[in-house]
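Here is a note for a colleague opening this structure for the first time. Please keep the view open while reading.

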Amino acid sequence: MDNLKSANFHLYTTNGKKYILDYMNIYYTEITDEQYRDFQSIESKGFLGYIKNDRDESHNHNKRIISQLYEKEIFFSTRVIDTSQNHYEAFISMAPIHACNLQCRYCFAQQGNNYISEEKTMSKENLLKALEYIYFDYFKDISAFRFDFVSGGEPLLNFETIKSIVEVCETFVKRGKTTKFWLCTNGIINKKEIFHFLDKHRFNIGISLDGTKKDNDNYRVFKDGASSYNQVINTLKDILTESTYTRNFKNVWILVVITSETQSLVTILKHLKQNGLKRVQMRIVRTVETYGLNESTFFKYKALYDELFAFFIEQFKMDNIDYIEMLSNDNDYLGKILRRIILRRIVTHRCQAGKNKVSLTANGQLFPCDSFVGKNDFCIGNVLKSERYDSVLENTFVDNIVACSGCWARYICGGDCYHNSYLMKNDVKDIDCIFCKLQKYLIEETVAMYCQMNEINVSLFGRLTRMVEIGIREGVR
């Protein structure tokens, strides 16, 4: 028996029960008090020290089990995680216009004002030049693309640019480059001719709505402070009831921003489901304001998720996994953890920003993502000048971020949002400790919930796993 295998387990207690998590291979289970003490002994003495020094005959059964786990490299491993990446798909995002018809209080783009260049839209000539450079030079070795029309303004205020981009991208098919389209709108503009175009070109769309009218109107309002809720709900109803739209188009994503003033994630999910919606991304607001995630609001956010975990268990006991499925995607704050743990998939970085993902602005600059637009220190290229600059994020992984490199949660968490690190610590490679605290808590509670679900109904838990797997095959991110 060699001594080269490292212990890669995390022990913890929650709600009076004890758990162990293999964070390199995503194995997890509830354990007894005696087993917990044995693994604690391994933490302090090492595996060989535990085997040699513990002479208590009553522990022989546990020793045999732990020795077998050691041989099978469960909770112990020689594995080294490969952080190299082969990119098979590139992600481009662009705000067709840096302006908005709402004035959301938490808007990171400041209703488009974070972008200070005089060029607010891109001419057709420059658009063709920009896309030619991105597709055939910047990402020359990639053949599959996703083009996102997202934050920085309300995309549908400049629908003509969207049409032009689609037309150009579709000409690239003959040259071996395919494109999928995603559009995020605030739902205020509701025009059938626009939606028929988006449907025809197989857009996936997301609509921002922060849940109930009360939650939504705390932040998502017009410039005069008037409510946006009814208009968004009407747009959703029109999409869901229009017989000429395809099933794909009707499968709308709802984008929810959570703040410390949010009353209940459970109420939000129920409200959205009652309105016929099945795909939800709930994200904690990224801000230094008092309603963001910080020391004083941490327990408010924790309480929101505690209620949600209890609700998932309650629904599971009733043979209902609809709600947990609604959130099991890589864009929901908790959902990506739910997905990674149930499918036993590790991650080595927070996101694709600055790697195979870029954000294009109207003046031709490239940034790692929408959140960094307007911060020229993070500019990574200029498509109109055919220039590419070094990106600080290009080789940023959890193993080379000091605060992450020794953390048990790193391969499930993936690290903090780079923009959030910049906001909170003024350094994309420094980590907001409150973010870490919440992430670790959510990982622990997810493991505990899955153990409980598996004990309640192993068949239904298997069905939940398969549904998440199917979602990935169908492209649910």
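The points below go from the sheet to the aromatic rings.

1. Basis. This is a predicted model, in which local features need pLDDT of at least 70, side-chain atom pairs count only at pLDDT 80 or more, and totals for chains, interfaces and linings use all residues. Residues are numbered from 1 along each chain as its sequence is written, and side-chain values use heavy atoms, with hydrogens and water left out.

2. The sheet. Start with the open sheet of 10 strands. Its order is β11-β10-β9-β8-β7-β6-β12-β13-β14-β15, and the pairing is mixed. Strands here are DSSP E runs of at least two residues, and helices are H or I runs of at least four, numbered from the N terminus. Two strands pair if DSSP finds at least two bridges between them. The edges are β11 (279-284) and β15 (387-388); each has a single partner strand, so one side of each is left without a neighbour in the sheet.

3. Strand β9. Look next at β9 and its partners. Strand β8 (residues 178-185) runs parallel to β9, joined by 4 bridges. Cys184 stands opposite Gly206, and Thr185 faces Ile207. The chain passes from β8 through α6 to β9 in a right-handed β-α-β crossover. Right-handed means that, with the strands pointing away from the viewer, the path from the first strand over the helix to the second runs clockwise. Strand β10 (residues 253-258) is also parallel to β9, through 3 bridges. There, Gly206 stands opposite Trp253.

4. Burial of β9. Why is β9 largely enclosed by the rest of the structure? Of its 5 residues, 4 are buried, so the strand is largely enclosed. Buried means under 20% relative accessible area, with exposed over 50% and partly exposed in between (1.4 Å probe, protein chains only).

5. Aromatic pairs. The whole structure holds 31 aromatic pairs. Rings of Phe, Tyr and Trp (its six-membered ring) pair if their centres lie within 6.5 Å; planes under 30 degrees apart are stacked, over 60 edge-to-face, the rest tilted. Phe149 and Phe203 are stacked because their centres are 5.9 Å apart and their planes at 20°. Phe149 is in β7 and Phe203 in the loop between α6 and β9, 54 residues apart. Both Phe149 and Phe203 are buried. Tyr245 and Phe249 pair edge-to-face, at 5.2 Å and 65°. Tyr245 and Phe249 are buried too.

6. Charges over rings. Arg388 lies over the face of Tyr138, 3.7 Å from the ring centre. The charged end of Lys18 sits over Tyr36, at 5.4 Å. The criterion is NZ of Lys or CZ of Arg within 6 Å of the ring centre and within 35 degrees of the ring normal.
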